[in-house]
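Take a moment with the sequence and the 3D view before reading on. This report walks through selected strands, helices and single residues.

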Amino acid sequence: MSGQAQGGRVLIAKLGLDGHDRGVKVVARMLRDAGFEVIYTGLFQTPESVVAAAIDEDVDAIGVSMLSGAHEALMPLVVQRLREAGAESIPVILGGIVPGADIEAMAEAGVAAVLTPGATSNEVVAAVRDAIDRFRG
């Protein structure tokens with residue numbers, strides 16, 4: 001991993017029509033402060049654009065921020081597109097407003113971790129590191 005940040009490379013994305021980006025920028029700063037190299041795709045991404053960027057940037061993980069409630073439709077598509085591209089070794093972490101009842105469904109869809117409002121910076125960093133370690137092994 002020479003030339004890379006000590007924590008690895010993480011792509012952060014906002015999927016769908018969710019235009020709220022303050023929280024995702026805070027998460028990006030948390031990860032940078034913890035030694036990750038962070039690539040932020042910006043707003044209004046599609047599952048296809050996120051997967052293409054993740055592959056192009058050779059990332060170790062993808063973090064998706066969703067506050068719009070569209071996680072049930074969009075997150076399984078991200079995981080599916082990764083599999084179709086042969087990049088299923090890249091874990092996907094979801095952060096945002098996710099009802100407790102949906103967390104198990106996200107795991108079943110292949111999402112490596114779900115972080116909800118109130119997660120601390122230590123919890124965010126630990127979830128990303130754990131997901132990377134699990135998917136590498």
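In which loop does Asp58 lie? Asp58 sits in the loop between H2 and E3. This is a predicted model.

**Two residues with positive phi**

Asp58 has a phi near 55°, a positive value in a residue other than glycine. Most residues other than glycine have a negative phi. Asp58 is also exposed, because its relative accessible area of 53% is over the 50% cut-off. Phe44 is another such residue: its phi is near 65°, again positive and again not in a glycine. Phe44 belongs to the loop between strand E2 (36–40) and H2. A glycine with positive phi follows helix H3: this is Gly86, with phi near 75°.

**Strand pairs and crossovers**

Start with E1 and E2. These strands run parallel and are joined by 5 bridges. Gly8 stands opposite Phe36 in E2. Together with helix H1 (residues 22–33), E1 and E2 make a right-handed β-α-β unit.

Now move to strand E4, residues 92–96. How many of its residues are buried? The count is 5 of 5, so E4 is mostly covered, given that buried means under 20% relative accessible area. Both faces of E4 are covered. Val92, Leu94 and Gly96 are buried on one side. Ile93 and Gly95 are buried on the other.

E4 pairs with strand E3 (residues 61–66) in the parallel sense, over 5 bridges. Here Ile62 has Val92 of E4 as its bridge partner. From E3 the chain passes through helix H3 (residues 71–84) to E4, and this β-α-β crossover is right-handed.

E4 also pairs with strand E5 (residues 113–115), in the parallel sense and over 3 bridges. Leu94 has Val114 of E5 as its bridge partner. The chain goes from E4 through helix H4 (residues 100–108) to E5, and this β-α-β crossover is right-handed too.

| Strand pair | Bridges | A bridge pair |
|---|---|---|
| E3 and E4 | 5 bridges | Ile62 and Val92 |
| E4 and E5 | 3 bridges | Leu94 and Val114 |

**Helix H3 and its two sides**

H3 has 14 residues. From its first C-alpha to its last, H3 reaches 19 Å, close to the 20 Å expected at 1.5 Å a residue. Its buried residues are His71, Leu74, Met75, Val78, Val79 and Leu82. Why do these residues lie on the same side of H3? They cover an arc of only 135° around the axis, and therefore share one side of H3. On the other side of H3, Ala73, Arg83 and Glu84 are exposed. What covers the buried residues of H3? The cover includes helix H2 (47–56), E3, E4 and H4.

Lys14 is found in strand E1 (residues 8–14). Is Lys14 buried or exposed? Lys14 is buried, because its relative accessible area of 0% is under the 20% cut-off. The side chain of Lys14 makes a polar contact of 3.1 Å with the side chain of Ser65.

Ser65 has its place in strand E3. Its relative accessibility is 11%, so Ser65 counts as buried as well.

Ser65 is in contact with Ala13, Lys14, Leu15, Asp18, Val24 and Gly95.

**Ser49 in H2**

Ser49 lies in helix H2. With a relative accessible area of 26%, Ser49 is partly exposed. A polar atom of the Ser49 side chain lies 2.9 Å from the backbone nitrogen of Thr46. How far apart are Ser49 and Leu15? They are 34 residues apart in sequence and 9.4 Å apart in space, C-alpha to C-alpha.

Definitions and conventions:
Residues are numbered from 1 along each chain as its sequence is written. This is a predicted model: local features need pLDDT of at least 70, side-chain atom pairs count only at pLDDT 80 or more; totals for chains, interfaces and linings use all residues. Side-chain values use heavy atoms; hydrogens and water are left out. Buried means under 20% relative accessible area, exposed over 50%, partly exposed in between (1.4 Å probe, protein chains only). Helices (H or I, at least four residues) and strands (E, at least two) are DSSP runs, numbered from the N terminus. Two strands pair if DSSP finds at least two bridges between them. A crossover is right-handed if, with the strands pointing away from the viewer, the path from the first strand over the helix to the second runs clockwise. The expected span of a helix is 1.5 Å times one less than its number of residues. The arc is that of the directions from the helix axis to the C-beta atoms. Contact means heavy atoms within 4.5 Å. A polar contact is a pair of N or O atoms within 3.5 Å; within protein, one must be able to donate a hydrogen and the other to accept it, and residues adjacent in sequence count only if both atoms are side-chain atoms. Lists of a residue's contacts leave out its neighbours within four places in sequence.
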